[in-house]
Amino acid sequence: MEIISHEKPPGLFARMWLYLKSLPEKLKAKVVEVVNKVIKLGKDDPRRITHSIKVGLALTMVSIFYYYQPLYDNFGVSAMWAVMTVVVVFEFSVGATLGKGLNRGLATLVAGGLGVGAHHLASLSGEIGEPILLGFFVFIQAAASTFIRFFPTIKARYDYGLLIFILTFSLISVSGFRDDEILELAHKRLSTVIIGGSACIIISILICPVWAGQDLHNLIATNLEKLGKFLEGFGNEYFKTLEDGESSYKDEKSFMQEYKSALNSKSSEESLANFARWEPGHGRFQFRHPWQRYLKIGNLTRQCAYRIDALNGYLNTEIQAAPEIKSKIQEACTEMSLESGRALKELALAIKKRSQQPITSADTHIKNAKSAAKNLNTLLKSGIWKDCDLLTVVPVATVASLLIDVVNCTEKVAESAYELASAANFESIDSAVSTEKPRSGQCGAEKSNADCPHVVITVSELTPAAAMADRSLKA
């Protein structure tokens, strides 16, 4: 039996009262949410707080041209260009600020000079021909500059400068048609732009500088380390039984998913490399540091990450091959995954420490991984799955094939890492050993030979990266 409710919905005033009654609690919750986001944003990268303070300081400094009457008398309303320059030029890193500042300064200088020249030529054509000639000059430079911006190399480094060139040329040449003091206008604009840009550059370099080159260096090393972590844990996770694998994978899922950040890091790497080219020498990075080498390593790292992403799909799939099928290639695949992961972590350490010694250790792991891949190829050619259903074999064979590709990618990364180490003058193995010679000599003089450690050197086939190192040392 249905019960019919005769209750009327609340009226307009009742709904308004309920809304007003709950409004303080909603506002409080919203304020708490915003505060938590602000705190998290600052904790994720404290440099953001410092950057915000530096921008405020730069704006305060250039605002003096408006507040201090003698300076205002010299520059007048044009002092506002200094404020605008700080707003648009001051970026997070030193390289980005330098790039924008130099682009703006040079573009203003060149465009101002050309604008004055265009105005002088147009004024020679008389009252009727002057606006026509000025319009023609503006059209030519705007069209030509806009077309040049489509060149990739120009767009990457000088796009902002071309924009300022178009703006300044148009302002100077067009304003000169109504204003007779065009030279003074160009001088004031250039002076205020230089003042604002200089304030940005000086504060950016002297107060808690953020170097794009250092960020790129750390980003490449971190991505390699994340891939290494995944590969170190993949073998055990994939070849475990279904019950054990599910529980373990859930516990370790956080670090097993870190590699995904390397898949989308291309734009960040290219931006950082572009900014780093503008930066002066700082710390361990010289002025003409080989930043392009980092981009090459980053591209190879992404190729490896794509294969790792495919491997990760076989960890999450609901259709798993039978354990007896997996067991036939378990040893070789586990060794390939483990040794490749260790090699990538050694390469990450080599980049972080700017040392060639970890690259030599990575060569040993790559040699072991290649040996395991060779053993796996022998197993596959021997027909170990002759009696198995093809559909059950395909997933396992795909995993094996992907791991072989990962080994090849790891070897390419090692070769690129050695090229970077040679070009950037990383600490060589000889210099690292020479720093320890006095210590070993004291050991022999003060203690018996039995107290000194024994060193065992294994001579084996050289990987391409090790062969390159050997040739360079002989040269």
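Start with cysteine 409: its sulfur sits 5.2 Å from the closest cysteine sulfur, the one in cysteine 304, and that is too far for a bond. A disulfide here is a pair of cysteine sulfur atoms within 2.5 Å, and a search of the whole structure turns up 0 of them. Cysteine 409 counts as buried at 7% relative accessibility, where buried means under 20% relative accessible area, exposed means over 50% and partly exposed is in between (1.4 Å probe, protein chains only). Cysteine 333 is buried too, with a relative accessible area of 1%.

Keep in mind that this is a predicted model, in which local features need pLDDT of at least 70, side-chain atom pairs count only at pLDDT 80 or more, and totals for chains, interfaces and linings use all residues. Residues are numbered from 1 along each chain as its sequence is written, and side-chain values use heavy atoms, with hydrogens and water left out.

Now for the overall layout. The protein has 21 helices and 0 strands; both are DSSP runs numbered from the N terminus, with helices being H or I of at least four residues and strands E of at least two. Of its 475 residues, 40% count as buried. A contact means heavy atoms within 4.5 Å, and among contacts with a separation of 6 or more, residues 24 or more positions apart account for 80%.

What holds the inside together? The largest nonpolar core has 63 residues, and those with the most contacts inside it are Phe230, Tyr294, Leu311, Met336 and Leu347. Such a core is a set of buried Ala, Val, Leu, Ile, Met, Phe, Trp, Tyr and Cys residues joined through side-chain atoms within 4.5 Å. At least two residues of this core come from each of α10, α13 (266-276), α14 (291-316), α16 (330-353), α17 (357-381) and α18 (390-423). Helix α18 gives the most, with 14 residues.

The structure holds 9 aromatic pairs, meaning rings of Phe, Tyr and Trp (its six-membered ring) whose centres lie within 6.5 Å; planes under 30 degrees apart count as stacked, over 60 as edge-to-face and the rest as tilted. The rings of phenylalanine 230 and phenylalanine 234 have centres 5.8 Å apart and planes at 25°, so this pair is stacked. Both residues lie in helix α10 (residues 212-238), 4 residues apart, or about one turn of the helix. An α-helix has 3.6 residues a turn, so residues three or four places apart point the same way. Phenylalanine 230 is buried at a relative accessible area of 0%, and phenylalanine 234 is also buried, at 0%. Ring pairs link Phe230, Phe234, Tyr238 and Tyr259 into a cluster.

Back on α18, have a look at serine 416, which lies in that helix. At 4% relative accessibility, serine 416 counts as buried. Leaving aside neighbours within four places in sequence, serine 416 is in contact with Lys296, Ile297 and Leu300.

Next, helix α5 (residues 80-89). Its buried residues are Ala82, Val83, Thr85, Val86 and Val89. They cover an arc of only 160° around the axis, which puts them on the same side of α5; the arc is that of the directions from the helix axis to the C-beta atoms. Among the elements covering these buried residues are α2 (47-62), α6 (94-123), α8 (152-175) and α9 (182-206).

Helix α6 is worth a stop of its own. Lysine 100 lies in α6 and is partly exposed, with a relative accessible area of 24%. Beyond neighbours within four places in sequence, lysine 100 is in contact with Val88, Val89, Glu91 and Tyr160. Lysine 100 and tryptophan 278 are 178 residues apart in sequence, yet 9.6 Å apart in space, C-alpha to C-alpha.

Asparagine 103 and phenylalanine 165 are 62 residues apart in sequence and 9.1 Å apart in space, C-alpha to C-alpha.

A charge sits over a ring if NZ of Lys or CZ of Arg is within 6 Å of the ring centre and within 35 degrees of the ring normal. Arginine 189 does this with tryptophan 81, its charged end sitting over the ring, 3.9 Å from the centre.
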